[in-house]
Amino acid sequence: MRRRSGADDTSRSVRRSIVAGILLAGAALACVPLLRLPAFYESILYLVLHWVLLATSWNILSGYAGYFSFGHGAFFGTGVYTTAVLAGKFDWPFLWTLPVAAALAALLGVALGAVVFRVRSVRGELFALLTLAVTFVLATIVLNTPIDGGPGIYLSAVPVPHLAPTQPGTFYLLALAGAVAALLIAYGVQQSRLGVGLFAIHDDEDAAEVMGVPTYRYKLVALAISCALAGLAGGVHALFISYVTTGEVFSITVPLTVVLMSVLGGTRHWAGPAVGAAAITLLLYAFTKGDLALAGKATTGAVLIAAILFMPQGIVPRLLQRRAAAQRAVAAAAPVEPGTPDALPADAAAVAATAALPSAGPGAAAARSGVDLLLRTAALTKSFSGVQALAGVDVEIRRGEILGLIGPNGSGKSTFINVVSGHFGATSGRIEFEGRAIEQLAAHRIAHAGIARTYQIPRPFAHLSVRDNVAAAAMFGGAALSSSKARAEADHWLAFAGLTAKAQALPDELNLHQRKFLELARALASRPRLVLLDEVLCGLNPAEIDSAVALIRRIRDAGTTVVFVEHVMRAVMALSDRLVVLNHGQLLAEGPAAQVMQRPDVVAAYLGSVEPC
Amino acid sequence: MTLPSATLLAQSALSGLFVGSLYGLIGLGLGLSWGLLRTINLAHFGFTFAAAYLCYQLVTSTGVDPLLTLLAIVPLFFALGCGLHWVVQRFEVSPLNSLLLTFGVTAIIEAAIQAVWSADFRRLESHYAQAKFRWGALYVPLPELITLITSLALSLAIWWLLRHTRFGKAMRAAAEDAPIAAAFGVNQRALALLLAGSCAALAAVAGVCLSLSFTLAPAQIYAWIGVVFAAVMMGGLGSALGPLVAGVVIGVSEALTMAITAPSWAPIVSFTLLIALLLLRP
Amino acid sequence: MLKAGHLEVGYGAAPALWGVSIELHRGELLSVVGPNGAGKSTLINALAGLLRARSGTIELDGRDITRLAPHRFCAEGIAIVPEGRRLFATMSVLENLEIGCLLPRARARRGASLEYAIDLFPVLKDKLKAPAAALSGGQQQMVAIARALMACPRVLLLDEPSLGLSPLVVHDLFAAIRRISGEGMTILLVEQNVVTTMQIAQRVCVLEQGRIVAEGTPQALMSRPEIRRAYLGGELGPTPGAA
């Protein structure tokens, strides 16, 4: 069962109370040093907060966006050694080293991310491995250069600032400050636009990018925040342990433990890692006395096993599950089955509502420039390792038309859509959209320019509700609405697509037909001037096809130009103003539908024999 | 930085070859499990070390030949591997969660090892340790040679099995699309248990080889994780020969780096290689 | 030959088939049509053992196979050509075909089956060593059908073979299916392409929202106006040539 993420229905007052709650808890916990507990307990409390800080910071990139990093140790270690070198070797005042530690760690992270995030293939396990490798490389460099050189760095001579009655108390307060900051930041990110973008990246990065999420930038920001916090934790920890060696600092313990803690607590929730961190640290250290250390380690292992087996989503989501399940039960029991013709929006109200929409396009701009052409490609070519999927295609798309793009299997139709939408970059040639060259643009900029698409096999964001899927498109696409306006927009398009009753459901609760219409709603929610439909009708029966055809006409009438790829000839003939026929990656024919379909070369290439079989 | 003699370099490369073949041997089961069973099995390292310690114990207590201990150890770990995978199947654990689950298992194994054998270093004393051959100007220690031959033989055997037998093809099909493989008669659950048991058995073999050449300590379990993962990923998940080749590449580059510069620089070569591979591979 | 009685199959909480009873006679080509979401794929997957029925029975030649484990259906003689092909993309075409004949009975007839498959789809002859992913959609569909035939089945289940393929390819594919049927194979065909299906099926079942609503010969069904309208669409009749 999937947990819905983040920014659903969170009102202002709820947000304020959570922030206040965190701050209040922080203030209350800040009084603990006044209790003058034995150093042992203060140290344990420090460690709990230390791990809360580390795990929460890790989660901001890795949990939210799904880029599981095993390199948190590198950034933590950078912070440790920054403080160790500055305070231990250059006698800087300890507190001044902390911002530098955070900054350097963030810098390292951004430098790494700038390179790694450009490489599309490095995701998932590969990203985890790469970050692990970076840790080892960094450790080796630190060990063999004057930064450490081998013997480690002693910080026993560094004066500890007197923030609390005791030394452990001081560290406790510093860690507390860090943990509170991390929690506030994690919560803030989850509620923000950045958070929605990161969750979308988690579910389907390519679809998110094509929809308009600036994935590269968002990942870098999340990484920078994550690393800065880790560096801060490292800086404080350096003085806490007071003797720093590469073996200890860059060991596999830090990266593994933060993953453990976050997964245990729940990676999709801002408080998950904190819960996991507290649970595991307390468990481990409850056993520190005497010979029970081993039992502690074994118990931690057992707890982890039990958690994975019985609570795979994590503790926090499991606790919140009941509420989420209740909401979804309402949605799943919705009586409407969009599989039947009745459910499709054939009613007058929907038609009227659509007709009343302000025109989606910059009609004014077009009138000014006097250009009828919305999109034009010139000698567009796309090759995949030697195979030319598009071999110099010149196509014109006129504003306000419905253009059918047809051709035999493998003729390049889907590739054309992929290249125009920016899913793939063109090998050569030009694409001009409203007079502007877009072939070099990143996919999310193409989305902002006003182009949207659907996928032949629907790619919804699996952990976002149906409504949030559409709202995300409204937020990040050409319309670029704020999150509250985006929700209202989403509701409108869900009504248009007949999915209102399923608004709170998760995509995997929809059948294929509903998912295709979710794709459609999502594409339209960004108010595109051009929408590219990739075999939207595939899998529908004739009556459903008729309804879909009517729907597509309404989309055009509301001001969006439509290009659709189809095999269902009936629909193609009924809908298209013009047809473009591709064959073997080249333009074979182009013109009014009836004319094109009469041409013998088109008939031969595409339709084959006219005899019944 | 004076370049050492050719003999020293060759000897280093040779020892790199040997340790690399051990990386490959450990990585073999890990990679198969990851590629074909979608399980990232950190417990593989726990199994390897547990087997190493068991071998040590059997030899120290009974004086039997270390290689004979395989007769008892391999079936034991085959069963353990089956058991672990049965749990993974039963609870439908995802690949990422399997990483964490097996980490938990490893923590328990490590604690158990430390409880029984303490954290002190243990070294297996056997007649193998002293035996050496001469090959030209180079020394070839017997334990390392055994490891190399075992690694090579097992890798080739598994490669052949996967490529040319019905079992191998069924396994590959099931790894790619289990329901459709089932529709053609592949009993994926049974095959998976068999494979998981075999991977654990491979870990046990690796453990015995490890005990022949290396000093054992519980904390050492984690020292191998990074390098072996690197070998597996470089070699390709689910590949039989890949981990061995990658392991040797890593081992040799490490050893040469150690010989030319200083031992502490060793990791940088293999990991930089890995990073470069990940970034530049098409 | 293959009989399903009062089958109830569902996904999670939602049932998709309600008491569906269907009978497939030896040597006939039965087609199941219906709107999307009607349960056609659910039905065929249940008959192939890919989905477990909640209640009801499946009998093959009088033998109750309902409770068998998924991997045993093939041995009983049922082979499926799944929706979307679902070839093993990392394996070669030949290896895909070999997966079809893993079981002993089929393995013994491997050579003959392979010859028949190539005879049926000559274009595959030069593609045996190629990775399955490198083939076009139509060719992949041929491999999927051939793979099922390699299992020497008694019943062949086809789930939307024309999905996503251009009319020319579909034409050739259905010619092959017609040939297989003509040579005596018992076939259950689930299809969206109603027009072509009506042309080759001997009997048709109409499934709607998890229930059989009509059954009979194609001619009999075509003459019922509401069926025709619901499944062949408004004023638009079948388009000439685009089979």
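B:Gln130 is found in helix α5 (residues 127-130) of chain B, where helices (H or I, at least four residues) and strands (E, at least two) are DSSP runs numbered from the N terminus. B:Gln130 is exposed, because 10 other C-beta atoms lie within 10 Å; by the definition used, a residue is buried if 20 or more other C-beta atoms lie within 10 Å of its own, exposed if 12 or fewer, and partly exposed in between, with C-beta atoms placed from the backbone. B:Gln130 and B:Leu142, which are 12 residues apart in sequence, are 7.9 Å apart in space, C-alpha to C-alpha.

This is a predicted model, in which local features need pLDDT of at least 70 and side-chain atom pairs count only at pLDDT 80 or more, while totals for chains, interfaces and linings use all residues. Residues are numbered from 1 along each chain as its sequence is written, and chains are lettered from A and ligands numbered from 1 in the order in which they are written.

Chain A has 24 helices and 12 strands, and buried residues make up 56% of its 613 residues. Among contacts in chain A between residues at least 6 apart in sequence, 75% join residues at least 24 apart; two residues are in contact if their C-beta atoms, placed from the backbone, lie within 7 Å.

In chain A, four strands form an open antiparallel sheet in the order β4-β3-β6-β7, and two strands pair if DSSP finds at least two bridges between them. Strands β4 (387-398) and β7 (436-437) of chain A stand at the edges, each with a single partner strand, so one side of each is left without a neighbour in the sheet. Strand β6 (residues 428-433) of chain A pairs with β7(A) in the antiparallel sense over two bridges, and the bridge partner of A:Glu432 in β7(A) is A:Ala437. Helix α16 (residues 413-421) of chain A lies across β3 (373-384), β4 and β6 of chain A and runs at about 70° to β4(A); axes are lines fitted to C-alpha atoms, for helices over the stretch in contact, and angles run from 0 to 180 degrees between N-to-C directions.

The domain assignment of chain A gives domain 1 (12-252) and domain 2 (348-450 + 528-607), with bounds that come from an automatic or database domain assignment. Their C-alpha centres lie 48 Å apart, and the contact takes eight residues from domain 1 of chain A and seven residues from domain 2 of chain A. Helix α7 (residues 193-211) of chain A supplies the largest share of the domain 1 side, four residues.

The domain assignment of chain C gives domain 1 (1-77 + 156-161 + 188-243) and domain 2 (79-153). Their contact takes 12 residues from domain 1 of chain C and 10 residues from domain 2 of chain C. On the domain 1 side, α1 (40-48), α2 (73-76) and β7 (155-159) of chain C each supply at least two residues, and β7(C) gives the most, with four residues.

Chain C also touches chain B, with 21 residues of chain C in contact with 16 residues of chain B. The elements that give two or more residues to the chain C side are α2 and α3 (93-100) of chain C, and α3(C) gives the most, with four residues.

The table gives the residue classes of these contact sides.

| Domain 1 of chain A, touching domain 2 of chain A | four residues | two residues | two residues |

Definitions and conventions
Ala, Val, Leu, Ile, Met, Phe, Trp, Tyr, Cys and Pro count as nonpolar, Asp, Glu, Lys and Arg as charged, and the others, Gly among them, as polar.
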